[in-house]
Every structure is written in C-alpha cells, then in structure tokens.
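Please look through the sequence and the structure before reading on.

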Amino acid sequence: QVQLVESGGGLVQPGGSLRLSCEASGQTFSNYPVGWFRQAPGKEREFVGSTRWIGGAAYSKHYANSVKGRFSLSRDNAKNTVSLQMNNLTPEDTAVYYCAASSIRGLIVGQISNPANYDSWGQGTQVTVSS
C-alpha cells in the first residue's frame, strides 16, 4: 500500500492562493488514480479533483463543479507527487484537504468522485481561508 503525505496547507485571505502537494512512498502510483478530497467541520468528505492515467503518457483530470476554473491538478511522476493549485480561494474552501490513491487502475469517470474507491489516504492538511 502506498503511503501519502500532504503539505502546503495554511491560512490565506479570500482571493488568495495555496499549492498543496501529495508525495507518495512505498510504491509508484503513476498508473493509478490520485484524488483530492476535503472535509469541513460537521460536513461529509467531498470530492475536489482527481487525475487518472488513460494510457501512454496521458492523464485525465476531473474537478468538482465548486472548484472548476479555480483549482488545477498537476502530476510529477518522477517525484511521485500530485499537486493541487488553488486560486481565488473563498471561506467556503476552508477544510482539511486529503490526498488519496486508488488501487483500481481502471477507475471510470463515474467512480472517481467516490471516496470509497480510494484505499490509501494521507493524514490531511488544514486550509483556512479567512480575513
């Protein structure tokens, strides 16, 4: 099982930006889906975005509607990392952000937003958006 460690969280003002990173160890996850989820106090864990291998050197990226156009995923397989660039942050983005990896290489689009399909999780990193 792959071990995941998130970093990059913190306090930022509304309209600001943060970049979260997820570093994997234990095994390479270049051919497996990697997702970001978040959980605010009193709320369920929700999908933020995911990147999955679709063949060759190609990866697809998928985002929740609430972050589309503001958040962007990038993947560096040489460093075994997946990053989440978050721009134009709002207080509603405040949450603990988790990186997760799935062992299901063939995860389809309809499955990538379900946290139950991910079996390796990081410890989470707090993102607080406040003035």
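Four strands make up an open sheet in the order β1-β3-β8-β7, and their pairing is antiparallel. At its edges lie β1 (3-7) and β7 (71-76), each of which pairs on one side only. From one strand to the next the twist averages 15°, where axes are lines fitted to C-alpha atoms and angles run from 0 to 180 degrees between N-to-C directions. Strands here are DSSP runs (E, at least two residues), numbered from the N terminus, and two strands pair if DSSP finds at least two bridges between them.

This is a predicted model, in which local features need pLDDT of at least 70 and side-chain atom pairs count only at pLDDT 80 or more, while totals for chains, interfaces and linings use all residues. Residues are numbered from 1 along each chain as its sequence is written, and side-chain values use heavy atoms, with hydrogens and water left out.

Within the sheet, strand β3 (residues 18-25) is joined to strand β8 (residues 81-86) by six bridges, and the two run antiparallel; Glu23 stands opposite Thr81 in β8.

Further antiparallel pairing involves β4 and β5, which are joined by five bridges, with Arg38 opposite Glu46 in β5. These two strands form a hairpin with six residues between them, and Gly42 in the turn has a positive phi of about 75°. Strand β5 also pairs with strand β6 (residues 58-63) over six bridges in the antiparallel sense, and Ser60 in β6 is the bridge partner of Arg52. The hairpin of β5 and β6 has two residues between the strands, and there Gly56 takes a positive phi near 60°.

The structure also holds five aromatic pairs. Rings of Phe, Tyr and Trp (its six-membered ring) pair if their centres lie within 6.5 Å, and planes under 30 degrees apart count as stacked, over 60 as edge-to-face and the rest as tilted. Two of these pairs share Phe37:

| Ring pair | Centres apart | Angle of planes | Class |
|---|---|---|---|
| Phe37 and Phe47 | 5.7 Å | 70° | edge-to-face |
| Phe37 and Tyr118 | 5.1 Å | 75° | edge-to-face |

Ring pairs link Phe37, Phe47, Tyr98, Tyr118 and Trp121 into a cluster.
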